Amino acid sequence: EQPAVDHSRRAVRLTGAALALRAHFKRTGAQGFLNMMIALLEKALELRPQPHPDRVSSLTELAIALSDRYNRSGSTHDLQKRICLLTEALELCPPGSPFRSDSLNNLACSLGDRYHRSGSMDDLHERVRLLTEALELDPPGSPARASTLSNLANALRDRYRRSGASEDLEEMMRLLTEALELRPMGDPHRANSLNNLGNAFSMRYSCSGSMDDLGMAVRLYAEARDLCPPGDPLHVCILNNLADNLSNRYDRLGSADNVEERIRMLTRALELCPPGNQLRASTLTNLASALSDRYNLSGSPEELRERIRWLTEALELHPIGNPHRASTQTTLANAISARYYRSGSVDDLEEMIRLYAEALRLRPLGNPDRAKSLNNLANAVGERYNRSGSPNDLEEMVRLYLEALELRPQGNPLRANSL
């Protein structure tokens with residue numbers, strides 16, 4: 001019995017040391033702290049075999065740490081291990097367990113990460129099923145209901161993006177509206193709920209074109225920004241979202257003031273994301289997008305150079321394996337395309353094709369953005385054909401367009417882009 005007690009105490013000490021390292025990691029972003037934390041949590045888990053009463057908490061703590069590393073590296077090994085850990089945790093929390101709702105939420109979020117990487121509809125449907133069960137376990141009055149409402153709404157958002165089913169969009173908005181009602185003024189999570197609901201209105205605006213939806217999104221983001229202190233990582237997310245919707249307003253109204261306000265906002269967000277900050281890459285990408293709008297107004301080569309510089313840095317922060325690499329490559333290729341059409345440089349054309357081709361390789365069959373990547377690469381190869389007259393380029397261009405067309409059947413609103 002004494003060795004079991006010693007093992008239990010050692011597991012507690014290891015977990016405590018790991019949590020201290022997490023605090024250092026959150027503050028500094030240093031990968032070394034994260035790797036040490038994971039090693040300690042793995043040892044703690046070994047000391048808590050089934051049926052140890054704290055095994056579920058050890059499984060969950062290790063899964064959370066692997067999630068942090070996955071967000072940095074995009075390692076599929078970390079993602080798969082995390083899903084295995086959380087699947088075991090859920091099995092150890094049968095119906096009636098007070099921890100079942102948390103385990104359902106955790107596993108669903110991990111499946112969401114795998115879905116965003118693979119595009120697997122099985123993962124998406126399972127995620128919705130798990131969160132629907134979790135919501136049933138968190139009835140009105142449950143302190144966890146608001147977060148479960150938000151998680152289920154996010155899953156429905158992803159399903160809406162694949163299916164275009166309006167009922168998923170409306171249900172998502174209903175869930176997020178309820179979540180916000182559960183977080184009144186003074187609630188520390190209100191800013192997050194405001195941000196989520198702003199995302200929903202922004203998405204509905206993309207479909208409806210309603211200025212009321214766009215105005216509501218901007219209002220919600222602005223309130224969230226005012227409630228969230230600059231030191232909070234959520235503050236940067238909110239600034240990015242608000243800037244995106246100012247971009248939408250610029251697209252509708254054409255006001256240069258919206259472009260300048262957006263650039264100021266994103267420049268401030270970038271200042272809050274020094275090298276090592278997890279949000280730096282997405283902020284760089286958004287700032288580059290804002291500079292693209294200013295370039296379209298001014299035609300200044302300096303704006304284009306700055307845009308390419310920011311996107312090149314963003315791509316370096318999304319190495320091979322990172323789930324955002326393909327989208328960053330595409331955005332950088334778009335910027336280089338703009339420079340190519342200005343300069344006619346063959347080097348720019350070849351670099352554009354290389355980036356589009358790698359992005360396509362990272363979007364296999366089933367990925368929701370594959371058709372877009374096929375179209376991008378086809379356009380670039382077509383431009384090379386216009387210059388070279390190469391039959392190989394012509395054949396490749398046609399093949400790419402035909403595959404994109406197959407992925408956009410009759411009724412798909414983007415089908416015309418592939419015709």
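## Arg-384 and Asp-393

Arg-384 is partly exposed, at 23% relative accessible area. Here buried means under 20%, exposed over 50%, and partly exposed in between, using a 1.4 Å probe and protein chains only. Its salt-bridge partner is Asp-393, with the closest N and O atoms 3.0 Å apart. A salt bridge needs a side-chain nitrogen of Lys or Arg within 4 Å of a carboxyl oxygen of Asp or Glu. Asp-393 is buried, with a relative accessible area of 8%.

## Basis of the values

The model is predicted: local features need pLDDT of at least 70, side-chain atom pairs count only at pLDDT 80 or more, and totals for chains, interfaces and linings use all residues. Residues are numbered from 1 along each chain as its sequence is written, and side-chain values use heavy atoms, leaving out hydrogens and water.

## Salt bridges within helices

The whole structure holds 39 salt bridges. Side chains of opposite charge can pair when their charged atoms come close. Helices are DSSP runs (H or I, at least four residues), numbered from the N terminus.

In helix 6 (residues 121–137), Glu-133 and Arg-129 sit four residues apart, about one turn. Their salt bridge has a closest N and O separation of 4.0 Å. Arg-129 is partly exposed, at 43%. Both residues belong to a salt-bridge network that also links Arg-100 and Glu-126.

Helix 10 (residues 211–227) carries another pair, Glu-223 and Arg-219, four residues and about one helical turn apart. Their side chains meet in a salt bridge at 3.8 Å, N to O. Glu-223 is partly exposed at 21%. Arg-219 is partly exposed at 44%.

## Thr-148

Thr-148 lies in helix 7 (residues 145–163). It is buried, at 0% relative accessibility. Leaving aside residues up to four places away in sequence, Thr-148 touches Ser-101, Asn-105, Leu-131, Ala-134, Leu-135 and Asp-138. Contact means heavy atoms within 4.5 Å.

## Helix 14

Helix 14 (residues 301–316) has 16 residues. From first C-alpha to last it reaches 23 Å, close to the 22 Å expected at 1.5 Å a residue. That expected span is 1.5 Å times one less than the number of residues.

The buried residues of helix 14 are Glu-303, Leu-304, Arg-307, Ile-308, Trp-310, Leu-311, Ala-314 and Leu-315. Seen down the axis, they fall within an arc of 165°, so they line one face of the helix. The arc is taken over directions from the helix axis to the C-beta atoms. Arg-305 and Glu-316 are exposed on the other side. The cover over the buried residues includes helix 12 (256–271), helix 13 (280–298), helix 15 (325–343) and helix 16 (346–361).

Methods: Helix = DSSP H or I, 4+ residues; strand = E, 2+ residues; numbered from the N terminus.
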